[in-house]
Structure formats: C-alpha cells, structure tokens
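Open the model in your viewer and keep the selection tool at hand. Each stop below says what to select next and what is there.

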Amino acid sequence: MNWITIAWPMVASACLTLGLIELRIGLTQPPRAARLLFALSAFAVAGISGLELALTRADNLADWWPLMRWLDIAVGLMMVSLTAFIWVYFGTGSKWLALAVPGLYAVGLAFDYLPGSGMTYQQITGFRTVETFGGVTFNLAEGVPNPWNVFPYLAVLALIVFVVDASARLWRRGGRWRAAVVGGSIVLFFLVGGGQAALIETGAVQMPYLISWAYLVILVAMASELHADVLAAAQLASRLQDSEMVLQQLRSQLAHASRVSLMGQLASALAHELNQPLGAILRNAEAAELFLAQDPPDLDELRAILLDIRQDDRRASDVIERLRTLLKRRSLAPCALSVGDLLTTVAALTRGDAAARQTRLEIAAAPGLPLVMGDAVHLQQVLLNLVLNAMDAVGHLPAERRQVRVGAQRPDERAVEVSVSDGGHGIAPDQLGQLFEPFFTTKPHGMGIGLAISRTIIEAHGGRIWAENNGSDGATFRFTLPLVEESPAP
Amino acid sequence: MTKNRLSNVRVAIVEDDESARRSLARLLRAAGMQPTAYASAEDFRADVRQPRFACLLLDVQLLGMSGLDLQRQLAVEGVTTPVLFITAHDDPQARAQAMAGGCVGFFRKTDAGSELLDAIRRVV
C-alpha cells in the first residue's frame, strides 16, 4: 500500500471541503469577502496537494515541467489570496507589504516562462527514485537551483512580515486571539513549508514537497476563526429565540390577566346566569313538595320536575365550566373548531350581561361554515371583548335601539370572517388605525389592552382583525380565521 | 282547602327564561292557582284574549321591553292589577324603581317560593 497516494489526496479533499463550506457560507453570510478569499486559498492548496502528488510520479522532464509550472502558479495564488484574506479579515496591515507579495512573486514566476530557465531550477539534471517510510518509493527531480531568482523567497518574506505586522496591529487593537491563532499559524507554517521546500530544492533532504500539509494547518486555523463567527451568530440566534419565548410568555400572561379582567366585567352577568337555573331548581323542588302532599301525588308532574331539575343542574355546571376554562392560564393550542360553537359559547357568556344592560344581542352564523383552526378559549376572549365593547358603544342609546349583531360568514375560499356590529356613534376616522395599538383607548376608564391583545391573538392564528364604520351608524369589528385545510397550527 | 280558595286565581307570568318560566308556573299550579305564562312583555301585550288576572309576576330583565317598562305602561293605561317582580339579578336601582312604581313584591329567583306564594295570597 502506497501511503503517499492516500495521504496527499486526503489533504486535497480536506482543503476542498473547507473551501466549499466557506464558499457556501460566504455567498450569504458576512464577512463575505474574507470567506470567499479563504475558499480561494483552500482551493489553491487543494491544487498544490494534487500537483505535489503528481510530481512524485514524474520521471521525465516532459511530464515534470508543466506540473512544476502549475505548482508555482498555485502557490502564488495561495499566497496572494492569503494576503488578501488577512488584509480583509484583520482589517489592518501595511498596504505596501501586501502589494509586494503578488508583485515580487509575479517577477519570480516570470522565470518559468523564460527560455532555458525556471523559477526554482536553472536546469534539471535527472530524476531519482527515492525510498521512504514503509518502503514506499517516489520520484525526485535533481537539478541546479536558480541562484538569480530570489523573488519568490522575497515574496514569502514580504508575506511573513506583512502577517506579523498585521497581527501585531490587530493584537494592539484587542483582537489578540485572532492575531495569535491566524497570524501565528500562518507565520509558523510558512516558515515550515517554505523551509522544507527550500531544503528539497537545495538537495539537502530527499522527500516529497509538504507545502500543502503546512498550509492545511493554516487553513484549519483560519477556518476555526471564521466558524467562531458562525457559532457566535448561532448563539445570538438562540438567545434571540429565548427572549422571544420570554416575550411569548409575557404575552400569554397579559392575555390571561385581560381574560380575568373580562371575567370581572362579566361577574354580575354570570351571577345572573347561575341564578336562572338555581332559581328554577328551587321552584321545581318547592312545587314537588306541594305535589307530593296531594292525594294521590301527580307522578307525571313529579317525573317532569325531576327531568327539569337535572337539566338546570347541567346548565349551572356548564356556566361554571365555561368560567373555569376561561380563567385557566394556558398557551395557544389551536385545533379544528366550529365558529358556530364559538358564537354559541360567547352568547351564553354574555346573555346575562346583555339582559342587564337591556341590549338585544343577535347572533347568527351563516349555515354550513367550514371548521377553522383556532384556540377556543383565546378566540372566546377576543369575541367577548368585541361584544362587551359593542355593548358599551350602544349603552347611551334608548333601550329599543341598543342592539349588537354578531355574525359569521365566509368571504372567500381561505377564511371565515366573524363580525361584531353595533349601532353606536362609530369611530372617528383618525382613530381607526390606532384602535389596536396597546394603551390606546376611547373609554374614560379603559386600559387600552383588550383590542391590542385581540390583535395579538388573531395574528397568532394567522388571521387579521380590523374595524370599520357602518354606512348609517355605528361600527363593525371583523376578524378572519384560516380554514383547517389551508393552514396547519402555527 | 287552600287549593279551593285559590283555584280560580289567575296569575300572569312574564319571564323570558324558559326553564324559570316553566318551574314558576308549576309552583303556582301546585299551589292551586291558574298561571298563564308569557315569554316576553310583547307577547303579554299581544294576547288579546287574556283573562282578568288577579296579579302579574314580571321578570325585571326581559329581552325587548323590560318588566319595569311594562309596569310603567300599565300604570299609564290605568291598569291596577297588582304587580310582583322577580329577578335573577338583584339590582338596588331596579328594586327602587319597581317600588316607586307601586309593586307589591320584589323577589329574587333564589328566594323561597313560600314567600312568593304568601305575597300572591295577600293581594288576591
């Protein structure tokens, strides 16, 4: 097994992976320029790795020369993109040193394209097969180094000085970790990689080029820093999510407080609602006693009485159950529900209040309405709020004109619309837009909470709530609820 | 014997809650009276064939015309039939208004039925 043919492709694929990841992130997330430059240098190192491997196989000049030229180009590309990366990512550094890197390297690279010369070697004298660890063999070119071409080395020197300088500047500015990890690893491994290449080219050691290995370490250091940004963004997102949750809880608590206060408004009406069945039970029991005293007792009448008592008992416990459900604290849990049932429940809750205020409450849902997606308790809260507001709006009118209409219809294919109309004074046009703002109220003792919470609830259902003035008199509040099939639970 | 004395006593009940209406009528029947029940003040007014009632039992809160409105209207028309009020919601203001209108009794629906029956017996 030849480990060289495994190790180098592994380095190449590691570089490609790092580069592709950063390219993908860099297309959408800042720092974009730094990420794209990183990707470019990673691809260059992958190229270097592949060329290094190919060079271990070359045993003649015709194969070797083009590979060496491409290697020189790839190393240049890597150095330039690395310089640009530091420039962009550190946001500091000497411009002249940065420009010196491509300038000096370009001059050195030109030797590759001059007749009878090369960037690193003046002349190739032959190829040798060398044996290394594990009995693996590879080919090595032997030649005379080009003594005139100091430019690539000057370019490497410029890059190292540039990075040291930029790191020092960043360090002073407080970016110590980044300066140490990225700057430090670049300097260290450039010295290692460059040094090893120089040793091969002067014939001091006989081994394959390890430039790509050294640069892989640099890439990992750079990527870990870049990813720290992504991780920081992820942490920020999770913190945002947490505070969103807290906000949601607060909203739910506020909605609950508002429900409790609604119940306060309804309390006397609910006492009335309870007194009806309790009074009827009492009358029935008293009547039963009288019937029992007769001879013979009217058994049919007694049976009817017991049946009525049972029904009234259920009616009273329904009132209590509705109250209990409304007062329970709970978060939004939408499920399929019938708007008709919603209207019936609200009618039962407000009937007493309407009677006490001598207001006619007309409730009519269009027949055959589809089910909607909603949380019954929260929607009852919205509707109760609107109905109580509407009753307030007609409170000053003579009794025969105190009328509130609650309706449900289907305006289009996607939603059911619930409307609450009153025959009051209507809403001043400049206030129509503010009605749903928190703490906006037109009532002398209003808190301005009810409609704001109603809007929150309806919007959480994926619906819309708004108010409009009627043509003749009064106002209509409407809200929509998405149908079951259209929109699953938000 | 109570039954005999009250057997021709006709009482009108105006009450919009069906169960309350039925139970009250039943109690009066059990006490030997002859109740006629109406679901609203308007129904009561519209009944042209109504007998001569010995007294009227009116719910204070009715949809449409309230019991108090009906009492006022009858007073204006010179009807002197005694009026008793029943309510599920004891509102001092309504009680005061009913008393001012000359009602002979004001009862909560949860008050003992015997008190209500006694009040009726007193006026017939």
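Start at A:Arg478, which is buried because its relative accessible area is 19%. Buried means under 20% relative accessible area, exposed over 50%, and partly exposed in between, with a 1.4 Å probe and protein chains only. This is a predicted model, in which local features need pLDDT of at least 70 and side-chain atom pairs pLDDT 80 or more, while totals for chains, interfaces and linings use all residues. Residues are numbered from 1 along each chain as its sequence is written, chains are lettered from A and ligands numbered from 1 in the order written, and side-chain values use heavy atoms, without hydrogens and water.

**Stop 1**

A:Arg478 and A:Glu417 form a salt bridge, with the closest N and O atoms 2.9 Å apart. A:Arg478 sits in strand 9 (residues 475–482) of chain A and A:Glu417 in strand 7 (residues 415–422) of chain A, so the pair ties together parts that are 61 residues apart in sequence. A:Glu417 has 10% relative accessibility, so it counts as buried. A salt bridge here is a side-chain nitrogen of Lys or Arg within 4 Å of a carboxyl oxygen of Asp or Glu. Helices (H or I, at least four residues) and strands (E, at least two) are DSSP runs, numbered from the N terminus. Over all chains, the structure holds 26 salt bridges.

**Stop 2: across the chains**

Select A:Asp308 and B:Arg26. They form a salt bridge, the closest N and O atoms being 3.0 Å apart. This pair crosses between chains, from helix 8 of chain A, which holds A:Asp308, to helix 2 of chain B, which holds B:Arg26. Both A:Asp308 and B:Arg26 are buried.

Now widen the selection. Which residues are linked in a network of salt bridges with A:Asp308 and B:Arg26? Pick A:Glu301, B:Glu18, B:Arg22 and B:Arg29: these are linked with A:Asp308 and B:Arg26 in the network.

Stay with helix 2 of chain B (residues 18–30) and show helix 7 of chain A (residues 211–293). The two pack at an angle of about 20°, and their axes are 8 Å apart. Axes are lines fitted to C-alpha atoms, for helices over the stretch in contact, and angles run from 0 to 180 degrees between N-to-C directions. Helix 7 of chain A and helix 2 of chain B are therefore roughly parallel to each other. Angles under 35 degrees count as roughly parallel, over 145 as roughly antiparallel, 65 to 115 as roughly perpendicular and the rest as oblique. The crossing of these two helices is left-handed. Left-handed means that the near helix is turned anticlockwise from the far one by less than a right angle; right-handed means clockwise.

**Stop 3: one turn in chain B**

Go to B:Asp118 and B:Arg121. Their side chains meet in a salt bridge (3.0 Å, N to O). Both lie in helix 6 (residues 113–123) of chain B, three residues apart, about one turn of the helix. B:Asp118 is partly exposed, at 37% relative accessibility. B:Arg121 is also partly exposed, at 23%.

**Stop 4**

Show helix 9 and helix 10 (residues 376–394) of chain A. Their axes come within 10 Å and cross at roughly 40°. The two helices are therefore oblique to each other. Their crossing is right-handed.

**Stop 5: backbone details**

Most residues other than glycine have a negative phi, and most peptide bonds are trans. Select A:Gln358, in the loop between helix 9 (339–356) and strand 4 (360–365) of chain A. Its phi is near 50°, a positive value in a residue other than glycine. A:Gln358 is partly exposed, with a relative accessible area of 25%.

Next, pick A:Asp295 and A:Pro296. A cis peptide bond joins them, with omega about -5°. A:Pro296 lies in the loop between helix 7 and helix 8 (299–327) of chain A.

**Stop 6**

Select A:Val205, in the loop between helix 6 (176–201) and helix 7 of chain A. How far apart in space are A:Val205 and A:Leu307? Their C-alpha atoms are 108 Å apart, and 102 residues separate them in sequence. A:Val205 is partly exposed, with a relative accessible area of 23%.
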